[in-house]
Amino acid sequence: MRLPDSVLNPPPTRPDITRSVCRGAGRHLRERGYAIVKEMTFANGRRGDIVALAPSGELLVVEVKSGIEDYRVDGKWPDYRDYCDGFLFAVAPEFPQEILPEDVGLIVADAYGGALIREAPRHPLAPARRKALTIAFAKLAAGRLALIEDPGV
């Protein structure tokens with residue numbers, strides 16, 4: 001008896017898609033010279049999926065969307081703009097890009113890499129906020145590295 005293809009190759013679940021897009025978008029950003037952290041919480045309580053720090057000090061926030069429903073139920077993404085110089089969505093190749101607003105950047109990614117489809121419009125951060133966010137970025141990255149090096153902390 002032959003098993004149906006849907007049993008042998010089930011469609012990816014939402015968490016699988018999110019992980020793949022996040023991984024590919026992160027790879028793409030690192031290839032472009034950015035340092036990244038995932039899941040960074042801001043002062044307004046919102047949490048950016050990926051925050052990317054450029055060598056110039058510019059900060060980007062990338063919101064990963066796993067599908068149409070994920071995008072439609074998320075009304076909080078405009079709140080990220082106050083915490084970055086540029087905001088982007090990262091989506092899988094099969095995501096219908098035409099439903100996304102045109103005034104944000106766009107990365108299309110899978111588990112192996114990504115492509116910048118549209119640059120994020122820039123809106124420079126105030127110097128004090130940039131400093132606070134850069135320090136928070138560094139503390140988050142250093143704290144995560146310390147846990148890897150010494151998990152018993």
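Rings of Phe, Tyr and Trp (for Trp, its six-membered ring) pair if their centres lie within 6.5 Å; planes under 30 degrees apart count as stacked, over 60 as edge-to-face and the rest as tilted. The exercises below use a predicted model, in which local features need pLDDT of at least 70, side-chain atom pairs count only at pLDDT 80 or more, and totals for chains, interfaces and linings use all residues. Residues are numbered from 1 along each chain as its sequence is written, and side-chain values use heavy atoms, with hydrogens and water left out.

**Exercise 1. The aromatic cluster**

Find which residues the ring pairs link into a cluster, then classify the pair of Trp77 and Phe87.

*Solution.* Start with the count: the structure holds seven aromatic pairs. For Trp77 and Phe87, the ring centres are 5.5 Å apart and the planes stand at 15°, so this pair is stacked. Trp77 sits in the loop between helix H3 (68-72) and strand E4 (86-91), while Phe87 belongs to strand E4, so the pair ties together parts that are 10 residues apart in sequence. Now move along to Phe87 and Phe89: with centres 5.2 Å apart and planes at 85°, the pair is edge-to-face. Phe87 and Phe89 are both buried (under 20% relative accessible area; exposed is over 50%, partly exposed in between, with a 1.4 Å probe and protein chains only). Finally, collect the members: Phe42, Tyr71, Trp77, Tyr80, Tyr83, Phe87 and Phe89.

**Exercise 2. Strand E5 and its neighbours**

Work out how E5 pairs with E4 and with strand E6.

*Solution.* Two strands pair if DSSP finds at least two bridges between them. On one side, E4 and E5 are parallel, with four bridges, and Val91 stands opposite Val108 in E5. E5 and E6 make a hairpin with two residues between them. Then check burial: five of the six residues of strand E5 (residues 105-110) are buried, so the strand is largely enclosed by the rest of the structure.
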